[in-house]
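Hello,

Here is the structure I promised to pass on to you.

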Amino acid sequence: MNLKIIRRKIKNKLAGYCSAEILARKATCNDENNPSTELKAELARLTRDHVKMLKIMKVVKKRLDDLKRPQHVHKAIKLVDYLCRYGGKGVIEVTNDWHCIISCLADYKFDMESNYFKQRISNAAQELLQKLQVWRGRNILTYAQLLIESEGESQSSCKSFGVKSVGE
């Protein structure tokens with residue numbers, strides 16, 4: 001067994017991480033391999049439970065702030081993107097609260113001699129910001145449609161009882 005894996009298992013035990021947090025740490029670890037689709041799908045499934053979603057997002061946010069390890073940051077951005085698309089509804093809400101962090105990562109400055117990860121982080125964060133704008137727009141549109149539909153129902157039900165609405 002690899003020494004890194006053993007050390008990670010010990011750290012998980014000592015810190016008292018739950019299974020959802022351990023999976024989030026595994027998906028955003030400093031290894032060079034990208035997390036498997038099965039691992040990301042499992043995390044997305046777990047985010048449908050609000051408590052587990054908050055624990056997962058806590059780990060992910062910690063990884064986003066870890067600029068000493070660019071691999072953590074890059075994997076965290078990619079995981080957030082995946083969770084926003086396939087996870088529970090609360091993921092987008094939590095991610096919208098992180099708008100400042102993600103926009104700072106999108107503006108992450110790099111030069112030609114700089115680490116390749118800085119460019120990857122910046123590009124991934126910019127893509128995520130664009131997607132968040134679209135998702136936020138859809139949520140606002142959906143909310144507006146619900147308001148219009150509910151307003152129409154209340155007006156029709158009032159008319160059926162002979163009550164005039166405010167605008168009439």
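Below are my notes, from the whole chain down to single residues.

First, some housekeeping. This is a predicted model, in which local features need pLDDT of at least 70, side-chain atom pairs count only at pLDDT 80 or more, and totals for chains, interfaces and linings use all residues. Residues are numbered from 1 along each chain as its sequence is written, and side-chain values use heavy atoms, with hydrogens and water left out.

The protein chain has 8 helices and 0 strands, taken as DSSP runs (H or I of at least four residues for helices, E of at least two for strands) and numbered from the N terminus. Of its 168 residues, 35% are buried; buried means under 20% relative accessible area, exposed over 50%, and partly exposed in between, with a 1.4 Å probe and protein chains only. Contacts here are heavy atoms within 4.5 Å. Among those between residues at least 6 apart in sequence, 63% join residues at least 24 apart.

Threonine 28 sits in the loop between α2 (19–27) and α3 (37–46). Its relative accessibility is 0%, so threonine 28 counts as buried. Leaving aside residues up to four places away in sequence, threonine 28 touches Arg63, His72, Lys75, Ala76 and Leu79. With arginine 63 there is also a side-chain to side-chain polar contact at 3.1 Å (a pair of N or O atoms within 3.5 Å; within protein, one must be able to donate a hydrogen and the other to accept it, and residues adjacent in sequence count only if both atoms are side-chain atoms).

An α-helix has 3.6 residues a turn, so residues three or four places apart point the same way.

Two more residues are worth a click. Isoleucine 6, in helix α1 (residues 3–15), is partly exposed at 34% relative accessible area. Lysine 58, in helix α4 (residues 50–64), is exposed at 61%.

Best wishes
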